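Hello,

Here is the structure you asked to look at.

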Amino acid sequence: MAHYDVIVVGCGPAGLKAATELKKAGVNVLGIDKQTDLAKNFRSASGYFITDQEMNGEYISLEPVGKNTKIHYRNCGFTIDYSGLLEPIHHTHIVSHSQMHLQITSTQKPLFNLFNPTKWLSDRYGEAQKAGVPFLTNTLVLKVKEGPQGVEVTIRKDGSTSTLTGNKLIASDGLQSRIAQNLGFNRSRAMFGKGCTVEYEMDNLDVPYDRGDIFIFGDKNIGLSAAVIMIPSMRSKKAYRVETLSPIPAEMATRIIEFMIHDGALAKWFRNAQIVEKTGAIVGIAAPIKVPHRGNVLLVSDAAAFAETLYQGATMCGYMAAKAMVDELAGKDGFAGYTRWWNSTFEWNTNPLRMADYTKRSLIFRFITPDELDLLFDLGALIEKLKIMRTADMGTWASLVSKAKEKMAK
Ligand SMILES: Cc1cc2nc3c(=O)[nH]c(=O)nc-3n(C[C@H](O)[C@H](O)[C@H](O)COP(=O)(O)OP(=O)(O)OC[C@H]3O[C@@H](n4cnc5c(N)ncnc54)[C@H](O)[C@@H]3O)c2cc1C
(Lines give C-alpha, C1' and ligand atoms only; values in the text may rest on other atoms or scores of the structure.)
Protein backbone atom coordinates (compact mmCIF):
# COMPACT_ATOMS: atom_id res chain seq x y z
CA MET A 1 0.00 0.00 0.00
CA ALA A 2 1.47 3.40 -1.04
CA HIS A 3 2.32 5.66 1.90
CA TYR A 4 2.92 9.45 1.91
CA ASP A 5 3.91 12.06 4.48
CA VAL A 6 0.90 14.16 3.41
CA ILE A 7 -2.04 13.45 1.13
CA VAL A 8 -3.84 16.51 -0.28
CA VAL A 9 -7.43 15.74 -1.28
CA GLY A 10 -8.88 18.30 -3.69
CA CYS A 11 -6.60 20.23 -6.02
CA GLY A 12 -8.38 23.50 -6.67
CA PRO A 13 -6.56 26.76 -5.89
CA ALA A 14 -6.04 25.76 -2.22
CA GLY A 15 -4.88 22.17 -2.75
CA LEU A 16 -2.55 23.01 -5.65
CA LYS A 17 -0.81 25.70 -3.61
CA ALA A 18 -0.56 23.50 -0.49
CA ALA A 19 0.86 20.54 -2.43
CA THR A 20 3.40 22.76 -4.23
CA GLU A 21 4.68 24.40 -1.05
CA LEU A 22 4.92 21.01 0.72
CA LYS A 23 6.92 19.52 -2.15
CA LYS A 24 9.23 22.53 -2.17
CA ALA A 25 9.79 21.95 1.57
CA GLY A 26 10.92 18.37 0.84
CA VAL A 27 7.72 16.64 2.00
CA ASN A 28 6.64 13.38 0.32
CA VAL A 29 3.21 14.63 -0.84
CA LEU A 30 0.48 13.31 -3.14
CA GLY A 31 -2.36 15.39 -4.63
CA ILE A 32 -5.66 13.65 -5.46
CA ASP A 33 -8.56 15.07 -7.46
CA LYS A 34 -11.64 13.69 -9.15
CA GLN A 35 -11.08 15.93 -12.18
CA THR A 36 -8.89 14.81 -15.05
CA ASP A 37 -7.59 18.24 -16.05
CA LEU A 38 -6.33 20.23 -13.05
CA ALA A 39 -5.44 23.21 -15.22
CA LYS A 40 -9.07 24.01 -15.98
CA ASN A 41 -11.84 25.59 -13.90
CA PHE A 42 -15.03 23.49 -14.02
CA ARG A 43 -17.15 25.12 -11.31
CA SER A 44 -18.75 28.46 -12.06
CA ALA A 45 -16.50 31.35 -10.99
CA SER A 46 -17.19 34.91 -11.95
CA GLY A 47 -13.71 36.43 -11.98
CA TYR A 48 -13.96 39.07 -9.23
CA PHE A 49 -10.59 39.85 -7.64
CA ILE A 50 -10.20 42.41 -4.86
CA THR A 51 -6.92 44.28 -4.38
CA ASP A 52 -5.35 47.27 -2.65
CA GLN A 53 -7.48 47.10 0.46
CA GLU A 54 -7.51 45.02 3.63
CA MET A 55 -9.71 42.01 3.01
CA ASN A 56 -9.87 38.77 4.97
CA GLY A 57 -6.76 39.67 6.92
CA GLU A 58 -4.72 40.17 3.75
CA TYR A 59 -3.63 43.08 1.59
CA ILE A 60 -3.06 42.01 -2.00
CA SER A 61 -1.35 44.21 -4.54
CA LEU A 62 -0.66 43.71 -8.24
CA GLU A 63 2.61 44.34 -10.02
CA PRO A 64 2.29 44.15 -13.82
CA VAL A 65 5.52 42.84 -15.36
CA GLY A 66 5.31 43.02 -19.16
CA LYS A 67 2.30 40.91 -20.15
CA ASN A 68 2.21 39.11 -16.79
CA THR A 69 1.41 40.03 -13.21
CA LYS A 70 3.08 39.40 -9.88
CA ILE A 71 0.44 39.08 -7.18
CA HIS A 72 1.82 40.03 -3.78
CA TYR A 73 0.24 38.79 -0.54
CA ARG A 74 1.64 41.46 1.77
CA ASN A 75 0.60 40.00 5.15
CA CYS A 76 1.16 36.29 4.51
CA GLY A 77 4.41 37.22 2.80
CA PHE A 78 4.42 35.43 -0.54
CA THR A 79 4.06 36.22 -4.24
CA ILE A 80 2.55 34.24 -7.10
CA ASP A 81 2.87 34.68 -10.84
CA TYR A 82 -0.21 35.13 -13.01
CA SER A 83 0.38 34.74 -16.74
CA GLY A 84 -1.68 37.69 -17.88
CA LEU A 85 -2.96 41.06 -16.78
CA LEU A 86 -5.98 41.66 -14.58
CA GLU A 87 -8.52 44.19 -15.81
CA PRO A 88 -9.57 47.03 -13.49
CA ILE A 89 -13.33 47.59 -13.38
CA HIS A 90 -14.72 50.95 -12.26
CA HIS A 91 -18.49 50.60 -12.77
CA THR A 92 -21.31 48.61 -11.22
CA HIS A 93 -24.97 48.66 -12.25
CA ILE A 94 -28.39 47.62 -10.98
CA VAL A 95 -31.37 47.15 -13.29
CA SER A 96 -34.80 47.09 -11.71
CA HIS A 97 -37.99 45.26 -12.63
CA SER A 98 -39.02 48.11 -14.97
CA GLN A 99 -35.50 48.50 -16.43
CA MET A 100 -34.65 51.50 -14.29
CA HIS A 101 -30.90 51.72 -14.12
CA LEU A 102 -28.56 52.79 -11.35
CA GLN A 103 -24.84 53.13 -12.05
CA ILE A 104 -22.13 53.55 -9.46
CA THR A 105 -18.70 54.61 -10.69
CA SER A 106 -15.48 54.75 -8.74
CA THR A 107 -13.15 57.26 -10.32
CA GLN A 108 -10.35 56.92 -7.75
CA LYS A 109 -9.58 53.21 -7.79
CA PRO A 110 -11.19 50.15 -9.39
CA LEU A 111 -14.15 48.58 -7.59
CA PHE A 112 -12.56 45.22 -8.41
CA ASN A 113 -10.31 43.52 -10.96
CA LEU A 114 -11.18 40.75 -13.37
CA PHE A 115 -9.12 37.58 -13.58
CA ASN A 116 -9.51 34.36 -15.50
CA PRO A 117 -10.06 31.37 -13.15
CA THR A 118 -8.78 28.80 -15.68
CA LYS A 119 -5.60 30.81 -16.18
CA TRP A 120 -5.16 30.98 -12.39
CA LEU A 121 -5.48 27.19 -12.08
CA SER A 122 -3.22 26.42 -15.01
CA ASP A 123 -0.54 28.72 -13.54
CA ARG A 124 -0.79 26.99 -10.15
CA TYR A 125 -0.81 23.55 -11.78
CA GLY A 126 2.29 24.50 -13.82
CA GLU A 127 4.02 25.59 -10.59
CA ALA A 128 3.11 22.25 -8.94
CA GLN A 129 4.44 20.27 -11.91
CA LYS A 130 7.66 22.27 -11.88
CA ALA A 131 8.10 21.46 -8.19
CA GLY A 132 7.53 17.74 -9.02
CA VAL A 133 4.26 17.13 -7.16
CA PRO A 134 2.78 13.72 -8.09
CA PHE A 135 -1.00 13.71 -8.72
CA LEU A 136 -3.68 11.06 -8.92
CA THR A 137 -6.31 12.60 -11.18
CA ASN A 138 -9.68 11.25 -12.24
CA THR A 139 -9.74 9.75 -8.75
CA LEU A 140 -12.64 10.09 -6.34
CA VAL A 141 -11.91 10.01 -2.61
CA LEU A 142 -14.70 8.00 -1.02
CA LYS A 143 -13.66 7.95 2.62
CA VAL A 144 -11.01 9.16 5.02
CA LYS A 145 -10.44 7.62 8.45
CA GLU A 146 -7.79 7.62 11.13
CA GLY A 147 -5.61 4.48 11.05
CA PRO A 148 -2.52 3.08 12.77
CA GLN A 149 -0.19 4.92 10.33
CA GLY A 150 -2.05 8.23 10.42
CA VAL A 151 -4.86 8.39 7.86
CA GLU A 152 -6.38 5.84 5.50
CA VAL A 153 -7.87 7.15 2.28
CA THR A 154 -10.24 5.01 0.21
CA ILE A 155 -10.23 5.99 -3.46
CA ARG A 156 -12.02 4.94 -6.62
CA LYS A 157 -10.20 5.18 -9.93
CA ASP A 158 -11.26 3.61 -13.22
CA GLY A 159 -13.97 1.61 -11.45
CA SER A 160 -11.71 -0.04 -8.85
CA THR A 161 -11.42 0.83 -5.19
CA SER A 162 -8.16 0.89 -3.21
CA THR A 163 -6.60 2.43 -0.12
CA LEU A 164 -3.65 4.78 0.40
CA THR A 165 -2.14 5.87 3.69
CA GLY A 166 -0.51 9.06 4.89
CA ASN A 167 0.87 10.48 8.13
CA LYS A 168 -1.33 13.56 7.65
CA LEU A 169 -4.01 14.82 5.29
CA ILE A 170 -5.08 18.19 3.95
CA ALA A 171 -8.76 18.23 2.96
CA SER A 172 -9.20 20.98 0.38
CA ASP A 173 -12.14 19.32 -1.34
CA GLY A 174 -14.28 22.45 -1.55
CA LEU A 175 -17.56 23.79 -0.25
CA GLN A 176 -19.50 20.52 -0.18
CA SER A 177 -16.52 18.74 1.46
CA ARG A 178 -17.17 15.02 1.71
CA ILE A 179 -14.31 14.74 4.21
CA ALA A 180 -15.80 17.37 6.55
CA GLN A 181 -19.07 15.45 6.38
CA ASN A 182 -17.36 12.03 6.81
CA LEU A 183 -15.38 13.05 9.86
CA GLY A 184 -18.33 14.71 11.62
CA PHE A 185 -17.16 18.36 11.30
CA ASN A 186 -20.63 19.42 10.08
CA ARG A 187 -22.55 18.09 13.10
CA SER A 188 -22.32 21.24 15.18
CA ARG A 189 -22.45 23.64 12.25
CA ALA A 190 -25.41 25.94 11.51
CA MET A 191 -26.63 25.19 7.98
CA PHE A 192 -28.31 28.22 6.36
CA GLY A 193 -29.40 26.69 3.06
CA LYS A 194 -28.43 25.90 -0.48
CA GLY A 195 -28.78 27.73 -3.76
CA CYS A 196 -27.69 26.99 -7.25
CA THR A 197 -26.19 28.87 -10.11
CA VAL A 198 -25.95 28.27 -13.82
CA GLU A 199 -23.49 30.41 -15.71
CA TYR A 200 -23.42 31.06 -19.46
CA GLU A 201 -20.34 32.81 -20.74
CA MET A 202 -21.50 34.73 -23.81
CA ASP A 203 -19.74 36.84 -26.39
CA ASN A 204 -20.98 39.57 -28.73
CA LEU A 205 -23.55 41.12 -26.39
CA ASP A 206 -24.98 44.58 -26.98
CA VAL A 207 -24.96 45.99 -23.45
CA PRO A 208 -25.57 49.76 -23.40
CA TYR A 209 -23.70 50.43 -20.12
CA ASP A 210 -20.09 51.20 -19.15
CA ARG A 211 -18.15 47.96 -18.67
CA GLY A 212 -18.95 46.70 -15.18
CA ASP A 213 -20.95 44.10 -13.32
CA ILE A 214 -24.74 44.30 -13.65
CA PHE A 215 -27.29 43.06 -11.11
CA ILE A 216 -30.66 42.39 -12.75
CA PHE A 217 -33.89 41.90 -10.84
CA GLY A 218 -37.58 41.47 -11.58
CA ASP A 219 -39.82 39.05 -13.44
CA LYS A 220 -40.13 41.34 -16.50
CA ASN A 221 -36.41 40.80 -17.04
CA ILE A 222 -35.80 37.26 -15.83
CA GLY A 223 -39.21 35.65 -15.53
CA LEU A 224 -39.00 34.74 -11.85
CA SER A 225 -38.41 36.38 -8.52
CA ALA A 226 -34.66 35.85 -8.46
CA ALA A 227 -31.58 37.69 -9.71
CA VAL A 228 -28.98 37.51 -12.42
CA ILE A 229 -25.46 38.91 -12.28
CA MET A 230 -23.57 39.74 -15.44
CA ILE A 231 -19.83 40.10 -15.02
CA PRO A 232 -17.62 41.27 -17.88
CA SER A 233 -15.44 38.50 -19.25
CA MET A 234 -11.86 39.08 -20.31
CA ARG A 235 -12.57 37.10 -23.48
CA SER A 236 -13.62 40.32 -25.28
CA LYS A 237 -15.07 43.76 -24.64
CA LYS A 238 -18.51 42.39 -25.61
CA ALA A 239 -18.29 39.20 -23.52
CA TYR A 240 -19.98 38.59 -20.16
CA ARG A 241 -20.46 35.75 -17.72
CA VAL A 242 -24.18 35.65 -17.02
CA GLU A 243 -25.05 33.79 -13.86
CA THR A 244 -28.18 33.20 -11.83
CA LEU A 245 -28.80 33.44 -8.12
CA SER A 246 -31.65 31.04 -7.76
CA PRO A 247 -33.24 28.50 -5.48
CA ILE A 248 -32.82 24.80 -6.21
CA PRO A 249 -33.71 22.76 -8.32
CA ALA A 250 -31.01 23.72 -10.81
CA GLU A 251 -33.50 23.54 -13.69
CA MET A 252 -34.94 26.87 -12.41
CA ALA A 253 -31.57 28.51 -12.98
CA THR A 254 -31.52 27.47 -16.63
CA ARG A 255 -35.11 28.70 -17.06
CA ILE A 256 -34.12 32.13 -15.72
CA ILE A 257 -31.21 32.59 -18.15
CA GLU A 258 -33.16 31.25 -21.12
CA PHE A 259 -36.07 33.61 -20.35
CA MET A 260 -33.75 36.57 -19.97
CA ILE A 261 -31.95 36.07 -23.27
CA HIS A 262 -34.97 35.13 -25.39
CA ASP A 263 -38.14 36.62 -23.86
CA GLY A 264 -37.26 39.17 -21.17
CA ALA A 265 -37.29 42.94 -21.51
CA LEU A 266 -33.51 42.92 -22.01
CA ALA A 267 -33.52 40.23 -24.74
CA LYS A 268 -32.29 42.83 -27.28
CA TRP A 269 -28.88 42.76 -25.54
CA PHE A 270 -28.55 39.08 -26.51
CA ARG A 271 -29.78 39.15 -30.13
CA ASN A 272 -26.32 38.45 -31.56
CA ALA A 273 -24.91 36.56 -28.58
CA GLN A 274 -22.90 33.37 -28.85
CA ILE A 275 -22.77 31.05 -25.85
CA VAL A 276 -19.13 30.14 -25.31
CA GLU A 277 -19.30 28.01 -22.17
CA LYS A 278 -21.85 26.71 -19.67
CA THR A 279 -20.97 25.86 -16.06
CA GLY A 280 -22.88 25.49 -12.83
CA ALA A 281 -22.50 25.03 -9.09
CA ILE A 282 -24.48 24.22 -5.98
CA VAL A 283 -23.60 26.65 -3.21
CA GLY A 284 -24.23 25.48 0.33
CA ILE A 285 -24.10 28.18 2.99
CA ALA A 286 -23.03 27.08 6.46
CA ALA A 287 -21.32 28.69 9.43
CA PRO A 288 -17.54 28.33 9.21
CA ILE A 289 -15.77 25.51 11.07
CA LYS A 290 -13.89 27.28 13.83
CA VAL A 291 -11.54 24.40 14.68
CA PRO A 292 -10.68 23.03 11.24
CA HIS A 293 -8.59 20.05 12.36
CA ARG A 294 -9.09 16.73 14.04
CA GLY A 295 -6.50 13.97 14.58
CA ASN A 296 -4.24 14.05 11.52
CA VAL A 297 -6.59 15.94 9.23
CA LEU A 298 -6.54 19.69 8.46
CA LEU A 299 -9.57 21.13 6.65
CA VAL A 300 -8.50 23.99 4.41
CA SER A 301 -10.20 26.83 2.54
CA ASP A 302 -13.80 26.37 1.27
CA ALA A 303 -14.01 22.94 2.95
CA ALA A 304 -14.25 24.78 6.30
CA ALA A 305 -15.62 28.12 5.17
CA PHE A 306 -18.78 30.17 5.14
CA ALA A 307 -19.84 30.23 1.46
CA GLU A 308 -16.47 30.84 -0.21
CA THR A 309 -12.93 32.01 0.37
CA LEU A 310 -12.54 33.08 -3.28
CA TYR A 311 -9.57 32.08 -5.42
CA GLN A 312 -7.41 34.69 -3.73
CA GLY A 313 -8.31 33.45 -0.24
CA ALA A 314 -8.12 29.76 -1.19
CA THR A 315 -4.56 30.21 -2.47
CA MET A 316 -3.59 31.95 0.75
CA CYS A 317 -5.17 29.09 2.78
CA GLY A 318 -3.16 26.57 0.77
CA TYR A 319 0.07 28.47 1.47
CA MET A 320 -0.64 28.81 5.20
CA ALA A 321 -1.77 25.17 5.47
CA ALA A 322 1.51 23.95 3.96
CA LYS A 323 3.49 26.00 6.48
CA ALA A 324 1.35 24.62 9.32
CA MET A 325 1.82 21.09 8.04
CA VAL A 326 5.61 21.40 7.92
CA ASP A 327 5.52 22.49 11.59
CA GLU A 328 3.13 19.68 12.50
CA LEU A 329 5.39 17.07 10.82
CA ALA A 330 8.29 18.48 12.83
CA GLY A 331 6.37 17.82 16.07
CA LYS A 332 5.28 21.44 16.57
CA ASP A 333 1.65 22.52 17.01
CA GLY A 334 1.17 23.62 13.39
CA PHE A 335 -2.58 22.90 13.25
CA ALA A 336 -3.21 25.14 16.28
CA GLY A 337 -1.22 27.92 14.57
CA TYR A 338 -3.29 27.54 11.39
CA THR A 339 -6.49 27.64 13.46
CA ARG A 340 -5.43 30.92 15.11
CA TRP A 341 -4.64 32.42 11.71
CA TRP A 342 -7.93 31.11 10.20
CA ASN A 343 -10.01 32.64 13.00
CA SER A 344 -8.26 35.99 12.95
CA THR A 345 -8.43 36.61 9.20
CA PHE A 346 -11.59 35.75 7.25
CA GLU A 347 -14.26 38.40 7.91
CA TRP A 348 -17.02 35.93 8.76
CA ASN A 349 -14.72 34.32 11.34
CA THR A 350 -13.87 37.60 13.03
CA ASN A 351 -17.38 39.12 12.84
CA PRO A 352 -20.48 36.88 12.45
CA LEU A 353 -22.50 39.82 10.98
CA ARG A 354 -20.32 39.53 7.87
CA MET A 355 -22.07 36.24 7.02
CA ALA A 356 -25.39 38.06 6.64
CA ASP A 357 -23.71 41.04 4.92
CA TYR A 358 -22.23 38.72 2.31
CA THR A 359 -25.69 37.57 1.23
CA LYS A 360 -27.47 40.94 1.31
CA ARG A 361 -26.49 42.16 -2.16
CA SER A 362 -27.56 38.92 -3.81
CA LEU A 363 -30.68 38.13 -1.77
CA ILE A 364 -32.14 41.66 -1.66
CA PHE A 365 -34.86 40.47 -4.08
CA ARG A 366 -36.22 38.08 -1.46
CA PHE A 367 -36.64 40.94 1.03
CA ILE A 368 -37.59 43.89 -1.18
CA THR A 369 -40.22 43.26 -3.86
CA PRO A 370 -39.61 44.34 -7.50
CA ASP A 371 -42.18 47.14 -7.06
CA GLU A 372 -40.46 48.40 -3.92
CA LEU A 373 -37.16 48.36 -5.79
CA ASP A 374 -38.71 50.41 -8.61
CA LEU A 375 -39.97 52.86 -6.00
CA LEU A 376 -36.47 53.22 -4.55
CA PHE A 377 -35.10 54.00 -8.02
CA ASP A 378 -37.90 56.57 -8.49
CA LEU A 379 -37.01 58.19 -5.19
CA GLY A 380 -33.38 58.50 -6.31
CA ALA A 381 -34.45 60.20 -9.54
CA LEU A 382 -36.86 62.45 -7.64
CA ILE A 383 -34.16 63.57 -5.20
CA GLU A 384 -31.89 64.46 -8.14
CA LYS A 385 -34.76 66.50 -9.69
CA LEU A 386 -35.39 68.36 -6.44
CA LYS A 387 -31.67 69.18 -6.13
CA ILE A 388 -31.66 70.68 -9.66
CA MET A 389 -34.88 72.62 -8.88
CA ARG A 390 -33.42 74.13 -5.71
CA THR A 391 -30.62 75.98 -7.53
CA ALA A 392 -32.41 76.69 -10.86
CA ASP A 393 -32.71 80.37 -11.92
CA MET A 394 -35.78 81.58 -13.83
CA GLY A 395 -34.37 80.72 -17.31
CA THR A 396 -33.30 77.19 -16.33
CA TRP A 397 -36.55 76.65 -14.46
CA ALA A 398 -38.66 77.63 -17.51
CA SER A 399 -36.68 75.24 -19.75
CA LEU A 400 -36.92 72.38 -17.20
CA VAL A 401 -40.68 72.80 -16.92
CA SER A 402 -41.23 72.90 -20.68
CA LYS A 403 -39.03 69.76 -21.19
CA ALA A 404 -41.02 67.97 -18.46
CA LYS A 405 -44.31 69.04 -20.12
CA GLU A 406 -43.13 67.60 -23.46
CA LYS A 407 -42.13 64.33 -21.76
CA MET A 408 -45.51 64.01 -20.03
CA ALA A 409 -47.33 64.66 -23.30
CA LYS A 410 -45.54 61.65 -24.92
C1 LIG B 1 -20.99 30.90 -8.86
C2 LIG B 1 -19.67 31.12 -8.23
C3 LIG B 1 -19.01 32.29 -8.49
C4 LIG B 1 -17.75 32.50 -7.92
N5 LIG B 1 -17.10 33.65 -8.23
C6 LIG B 1 -15.84 33.84 -7.79
C7 LIG B 1 -15.11 35.00 -8.14
O8 LIG B 1 -15.62 35.87 -8.85
N9 LIG B 1 -13.85 35.15 -7.67
C10 LIG B 1 -13.27 34.22 -6.89
O11 LIG B 1 -12.11 34.41 -6.53
N12 LIG B 1 -13.94 33.12 -6.50
C13 LIG B 1 -15.20 32.91 -6.93
N14 LIG B 1 -15.91 31.80 -6.53
C15 LIG B 1 -15.41 31.01 -5.41
C16 LIG B 1 -14.25 30.11 -5.72
O17 LIG B 1 -14.58 29.29 -6.82
C18 LIG B 1 -13.94 29.26 -4.48
O19 LIG B 1 -13.93 30.03 -3.31
C20 LIG B 1 -12.58 28.57 -4.65
O21 LIG B 1 -12.58 27.79 -5.82
C22 LIG B 1 -12.27 27.68 -3.45
O23 LIG B 1 -11.10 26.95 -3.68
P24 LIG B 1 -10.85 25.55 -2.98
O25 LIG B 1 -9.53 25.09 -3.48
O26 LIG B 1 -11.07 25.66 -1.52
O27 LIG B 1 -12.01 24.58 -3.50
P28 LIG B 1 -12.47 24.20 -4.98
O29 LIG B 1 -12.02 25.19 -5.96
O30 LIG B 1 -13.91 23.90 -4.88
O31 LIG B 1 -11.65 22.86 -5.26
C32 LIG B 1 -12.00 21.63 -4.68
C33 LIG B 1 -11.37 20.53 -5.47
O34 LIG B 1 -11.65 19.30 -4.82
C35 LIG B 1 -12.01 18.32 -5.76
N36 LIG B 1 -12.84 17.33 -5.05
C37 LIG B 1 -13.98 17.56 -4.35
N38 LIG B 1 -14.43 16.43 -3.79
C39 LIG B 1 -13.56 15.46 -4.12
C40 LIG B 1 -13.46 14.08 -3.84
N41 LIG B 1 -14.35 13.46 -3.06
N42 LIG B 1 -12.44 13.38 -4.37
C43 LIG B 1 -11.51 13.99 -5.15
N44 LIG B 1 -11.53 15.28 -5.44
C45 LIG B 1 -12.53 16.02 -4.93
C46 LIG B 1 -12.74 19.11 -6.86
O47 LIG B 1 -12.70 18.42 -8.10
C48 LIG B 1 -11.96 20.42 -6.87
O49 LIG B 1 -10.90 20.38 -7.82
C50 LIG B 1 -17.17 31.54 -7.07
C51 LIG B 1 -17.85 30.37 -6.80
C52 LIG B 1 -19.10 30.14 -7.37
C53 LIG B 1 -19.82 28.86 -7.08
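Searching the whole structure turns up 23 aromatic pairs. One of them joins Trp269 and Phe270, whose rings are tilted, at 6.4 Å centre to centre with 35° between the planes. Trp269 and Phe270 are both buried. Please keep in mind that this is a predicted model.

Tyr338 and Trp342 also pair: the ring centres are 6.4 Å apart and the planes meet at 15°, so this pair counts as stacked. The cut-off for stacking is under 30 degrees. Tyr338 and Trp342 lie four residues apart in helix H7 (residues 334-345), which means that about one helical turn separates them. Both residues are buried. They also belong to one aromatic cluster, together with Phe192, Phe306, Trp341, Phe346, Trp348 and Tyr358.

The charged end of Lys40 sits over the ring of Phe42, 5.2 Å from its centre. Arg294 places its charged end over the ring of Phe185, at 4.3 Å from the centre.

Setting aside neighbours within four places in sequence, Leu169 is in contact with Ile7, Val9, Val144, Val151, Val153, Ile179, Asn296, Val297, Leu298 and Met325.

Regards

Definitions and conventions: Residues numbered from 1 in each chain as written. Predicted model: local features only at pLDDT ≥ 70, side-chain atom pairs only at ≥ 80, totals over all residues. Heavy atoms only, no water. Phe/Tyr/Trp six-rings, centres within 6.5 Å; stacked < 30°, edge-to-face > 60°. Buried < 20%, exposed > 50% of the residue type's maximum accessible area, 1.4 Å probe, protein only. Helix = DSSP H or I, 4+ residues; strand = E, 2+ residues; numbered from the N terminus. Lys NZ or Arg CZ within 6 Å of the ring centre and 35° of its normal. Contact = heavy atoms within 4.5 Å.
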